[in-house]
Every structure is written in structure tokens, then in C-alpha cells.
Amino acid sequence: MKFRHILLAATLLAAPLAPAHAAKTDLIVGMAAQDVGKLDPHLAVSTIDRTVVAWLFNGLVRFKPGSMSPADIEPDLAASWDASADKKVWTFKLRPGVKFHGAYGELTADDVVYSLQRAADPKRSASSGDFASFEKVEAVDPLTVRITLKQTIPSLLGIITNYGGGFIVSKKAAEEMGDSFNAHPVGTGPFAFAANTPNQSLELVAHKAYFRGAPKIEKISYRYLPANASRDLAFQNGELDLEFGNQDQTWVDRMKKLPGAVVDVFEPGEEAILHLNAAQKPLDDLRVRQAIAYAINRPELIKFQGADVSRQPGSVIPIGNLGYVDAGLPGNDIAKAKALLAEAGFKDGLTLKVVHTQLPNMLAQMQVVQAQLKRAGINLDLQVVEHATYHQMIRQDLSAIVFYSAARFPVADVYLTQFYHSRSTVKTPTAVANFSHCTAADAEIDAARTEPDGAKQIALWQAAQKKIVAQMCAVPLIETLQAWVHKDNLVYGYDLKGSLSLGPIINETTHFK
Amino acid sequence: MIFYIARRLLAALPTLWAVLTLVFVLVRIVPGDPAAAILGDRATPAAVAALQTKLGLDKPIWEQYVAFLAQSARGDFGVSMVTNRPILADVGAVIPHTIDLTLAAMVIGIVVGIPAGVWAALYRNRAIDIAARLLSLLGLSFPVFVSGIFLLLAFALHWRIFPVIGNANLADPADRLLKLVLPSITLGLVMAAYITRVTRSSMLSVLDEDYMRTARAKGVPWKRVVWRHGLRNAGLPVVTVVGLYIGILIGNSVLTEIVFNRPGLGKIIVGALNQRDYTMLQGLMVIYCFLIVVVNLVTDLAYGFIDPRVKQA
């Protein structure tokens, strides 16, 4: 009897938690995070931070919501623009009357100049590298901005879109707040920062004066829920409307079975690639690198990861990038791999020391790769380390093979330059992520960057990919798409095919049915 | 008494200094550069170098060490390298949750563990004893991330009594209590298992003592003999375990916090470690260390309360 009373009292206490059935205006999002790190858009690099920053800020131009194709770039804070004949001088006319969050007034050309200069400054931005070709940014009048480039670049619009360094901040707020701007971001986006409770949640409110109209969602609670299992349980229990998911088939299948759940699988595909360190023996021998390529079985990897969330790559850059070509990757052929190894003097096989991360997803994929290579007599001696340590060690050139999974701005130049241009080789002053010491296509990558003719530019990028594959700088493995799940009463207001922020865009059209 | 407490706190200073030094060295020995971790994989070496300068990581180690000690002495823990938020504000926001969970788990542990241990000792090798030993073994061997998920499945998903997301609103006592039930049971049962075992063995060692027999012979009721004479003498090891365990609970409740989506000190420590947030880690360690010193002090004072001979000594 007593227990019943306790149970009843507890149920009454829990009653307010029952999901409401009236049209909601509060969106509750579950994110795999301990906390947000950087809300300053020019420093936001993790999926956790980028997802939110995209709801708070705008760029001069933007990807049409739900798309990340460069062909879908449309006006955002800029109403129109034109470029000089040589594509070196670009003039942007700003939308009048755009309001910043809170009491930070209207957007002017000064804010845009300040933001782009800030994004180009390595001291204040993680994307400064993207702005290397900028000569100057100036305000012509309060609603006109002129960007002058040192040389023509493949996609200026790509750099100033709603991604990375392209986000426009309030000059007044950023100057007033200094470092604490990161904890109190002020932008022009559909949602404004309200509060952050460390370790618990970030609260956003609708920016009623948003220039595209007041958002229908009034509040967003972005909850930090690092444990996958309990985040899923919270979603299942109706405590979340939208949740960051796992990029694997079991998760997708499980979520699809839940009543009222809609699984979103969208671009970008993060391409996992084995970068073969040609500066180290025995990988300096092309035949050994080719043997590794022939030992990889991509369909098996897809089967392991799941057909809904992954696909076979066709080149050393992700599918869908502007300039992508099917570069003719070698198929799985163990006999050929063994023959190549024997020819290179490794009849009895060989062992390679590889530094790898302990992040579960990446480790599991690497273990499949390890098993596949073993069939050809190639043993991977995996040195599994903590993730930040892995990032440091691979940049110190300490691994024979680097397994790296990444998505970049979808124009071939970015991926090719960062991963395969000799300038980006690790342990050099201009290092980015060329772990393989690849030099195969420097000429094509450089020529394409300044090629004014679009078709010729694409031809150069395609030639570069083929050369990189021929030299086996890298062996593509698998492309994994983003996976989220939302309640069927939540309507994004657009068709979600891709999102460069790696999370669904929540904007003025998003609402509950 | 006050003099005793002050003396104990002063004696803790060298310990605190040693731990600070150890923490300072350890966080820097771990490979992984905070600047690179903060800026991500698209950052240029110039950007990484600029951030290192800004964070003071380019200064000589001894200079960083002196600055760190001076700051700690002033009680100024600075701001997080990653979020730029003041460390004390972040810790202040989660510490009530950690204290709630620790105290609740401790209460459950004591309320369940001590009677179970006493009964098990009284009925040595009989059904009650065997059941208590088995259950405590089960409690110790069941990891909290499994028992926690089971509790969530039963009470949150099936019966829908408690929520899955346990980040309580501190201003609302009912909400705070509701969200404390499952995590404190999860953690409390592990503690109960420990306490049961210690209480049992400690009780067994006093049950055959002369004074127990004498008390019984004088006609004191058996219940009173056990609880007043027996448990009081068997209490010291139990208090030691409770004291030690509270220290462990404060930092190690991280798994419970993660499973039940609760904020807490343990979770912040793990987050700071992953991000290589040196300043946050250092600040947290100082606070953690201070808490341990306080808990040890309270444990020592409790000894005197249970056994006056300790105070005299």
C-alpha cells in the first residue's frame, strides 16, 4: 500500500514531463557533447559548435537551406553582388535594415569589413588560411563592401558563405566584449544566445527582428548529452525533438522502428582515407603502396558501416565536390597485392607501425582495414592513443599510415590543397594535412586555382586526382554521411539533403505541426 | 577544536602544493597541444602559434609554473582556455549537482549498508549472511553504466516515472529530488555493497569481545548490546571507508553523470582532459584536492566522535 502511494506521488511529480500534444514552440535538441566550446563563429570547428553557430549567424551569401552544393549559393546578408572582368574585385550590396541580436543595432559595411578581416587574422580565427588570397576588404558606403583579391581563386563565394570564416559578427559586440564574445555571441541569425549552463545546455531564443521574419520556434534548448545510449533513451522517451545520431546501420535501423521518428541521413560524406607516408620505408616503394590499395575491400567496409549511412568513394576527394571525378580506384585483388609485395622484396609480408585514435567509430573501421590488409600479408601494428594525442602524433610525421576522415568545403581545390599539395606536407612551416608527402599533382592544383575558364579548371582538378591515385599517395576507404533523428511533428521547412554545419539548419521556417 | 582544525588545514598545505605541482607537470606531459585541439584540423601553423602565444604556452615552463602557483595562492583560477568562461563559474554551476549526488549516494549506502552488514555478521554463515554477501558482490561487480541503463529502461522508459535527462533545475527542489532518485540509487548501491562488507567483517571481530559478553551477562538487551556496544566499536573502519569513498565519489561519479545526463565535476574533468584545457584541469584539480582535504578532516573529526580515545590521543 505504502509503495503504491510513493509510486503515485512520484508519477504526479513526473506528470509535467509528459510530452505536450499542442503545437510546440520550444525545440529540444540532444547533442553528443560535454559542453559547447567556441560560439565565436570564426573559432567554431567542432560539430558541436558549428551546428549551433549556423543558427546564430549569417554570411554575405548562404547555401540554400538543406543543400551544400556550390551551385545552390544564394544571397544572405548581401542582396546582390558583381565582379570585375578578371574576377579580382567583388562588390557586395548589403540588405538594408538587417538587425543584430539585442541592442547591437543594424548591420553596416563596417561590420562586414571587421568580420572578414577578423576571419583572416590567424590570431582570431581558425579559418585564416582560407583568406590567403584576400588583398583588402573595404567599406565603399554603409551598405556596400568591396573585396579585392591578390589573384583569382576558384570560389570567392565559397569563402564568404555561411560557413567557417564567412560568418558576419557584430563589430560593436566583438570589440566591446573581446575574448568573452565567445561566450556571448552576437550575430544576425534567426536565433540569439540566451544562456549557457555549463555541462547542461545552451539556451537560444528567437530573434524576433530577423530579416527574413520572426522564427516560428521560440526557444531552442541545446542539451549536452554525451552518452549515446541515454541520449537515444531520452529521444525515445519524448524528452528530445531532435538528436545527433550514430553513423551506423544498427542505430539507423533501431531509430526507424521508433514510432514518430524520422531519421535524417545527409551530406557531407566524410571520406575516410589511408594516407600512405611515402617518406618512410617501405612505403617509398610504389609497389608496396599499390599492394595496400589492392588489399582494401571497400564493399566489405560499407557492409560493416551500413548501406544507409555510407557509400563507396570513387576518388581521393569526396563525391559531390566541384571537380570530382571517378579516378579509377584499384579494386580488391589479394593475389595482385601479394604479387606486388613479392616484387618489392616482401614475399613474406611486412609490418607497418601505425598511430591511430581510440575514438570508437574510427578504431572499429581501422580494425576492419587491419584485417583486410592481413589477408595480403601486411600487418598493421596499431598504436592506439587518445584522440588529441593522435592528432599531434600524425602531424609530427610519426605514422607510416594515417587514417583520416574529413569533409571540407565542397570544391576540389580545398581537399586537394590541404591533403595532397606538397606545401601542406606535415612538419613544414606551411603544413596542413598532407600526411603522405604527396607531390604528384602540385602543378595541376596550382594551375586550377587561377584558371579563369571553369571547364579547364575542372579538367585540371580531375587530372590532379588521377595523378594522385596513380602515385597511390592515398587509398580511399569509405564515405560516411551525417545521421540525425527528429520527431515527425518537427518540420524543418526545407528538404534536408546536406548541411555544411554538419547539423540540420533551424531557421525562421522550422516549426512543429 | 578550532585550533585542531586550523592545524590540520595548515598541514594540508604541503599536500596541496605537491598535488598542484604534480597536476601542472602531468597535464603538460600528456601529448596533445591545446592550441591545436581548440583550432581544429583546418588551422594553419601560424594560427596555432598565435593561439599558443595568447594562451601563454610559448613561455618557459618555469614561468608558467610560477604564474600558476601565484594564481592558485590568490584563489584566482582564471578562465577556461577553450570557452573563455571563468573556471569558478563553471565549477560553481555544477558543484551543487555533484554534492547532491554524493550525499544522496552516501545516505543510501549507509542506510542500506550498515544494517545489512550488522545482520550479516549476526547471522554468520546463515541465509541472511549469504544473501547479503552475494548481493554486495553483485553490487560491486555491476558497473554503473549497466545498472544505470537498466534503471532507466525500467523506471524511465517502461513505467515513465522518472525522466531520462537528469539535469535538474536547482531552483526547483521537487525537480532536483526527482532527478536525483535513479542516479543516487545507482551509485548508492555500490557504496552500500562496500559498507556492507566492511561493517560485516568489522562487526565479526567485535562480537566475540569480552565487553560484549559482559554487557550481555549484565542483562543488557541483545539489540542494545549490538547497536550501542558492538557497532560503536566496529564503526571506525566503516567511517574510514565512507570517508575514502566520498572522495572517490566526488570525482568518479562521472559514469553515473554521463548515463543519467547529469552535470557534475567528474564530467567537467573528462571534458577538460579531452580538450587539453590546461587551466580548467588545473583549477578543477585544486578544487578537488581541497574537497578531499576537507572530507579527510571531517572523517578524522568523526573518529573522535565515535571513539573518544582517538580525540585524547
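Start in chain A, at the loop between strand 8 (191-197) and strand 9 (201-206), where Asn199(A) sits. Helices (H or I, at least four residues) and strands (E, at least two) are DSSP runs, numbered from the N terminus. Asn199(A) is not a glycine, yet its phi is positive, about 70°. Asn199(A) counts as buried, with 25 C-beta neighbours inside 10 Å. Buried means 20 or more other C-beta atoms within 10 Å of the residue's own, with C-beta atoms placed from the backbone.

This is a predicted model, where local features need pLDDT of at least 70, side-chain atom pairs count only at pLDDT 80 or more, and totals for chains, interfaces and linings use all residues. Residues are numbered from 1 along each chain as its sequence is written, while chains are lettered from A and ligands numbered from 1 in the order in which they are written.

Next, select Met472(A), in the loop between helix 15 (454-470) and strand 17 (474-487) of chain A. Met472(A) has a positive phi of about 50° and is not a glycine. Met472(A) is buried, with 26 other C-beta atoms within 10 Å.

Now go to strand 12 (residues 261-276) of chain A and pick Pro268(A). The peptide bond from Glu267(A) to Pro268(A) is cis, omega near 10°. Move on to Pro282(A), in the loop between strand 12 and helix 8 (286-295) of chain A. The bond from Lys281(A) to Pro282(A) is a cis peptide bond, with omega near 0°.

Last, show both chains. Here 48 residues of chain B are in contact with 46 residues of chain A. Contact means C-beta atoms, placed from the backbone, within 7 Å. Select helix 13 of chain B: this helix gives the most to the side touching chain A, six residues.

Definitions and conventions. Contact = placed C-beta atoms within 7 Å. Buried ≥ 20, exposed ≤ 12 C-beta atoms within 10 Å, placed from the backbone.
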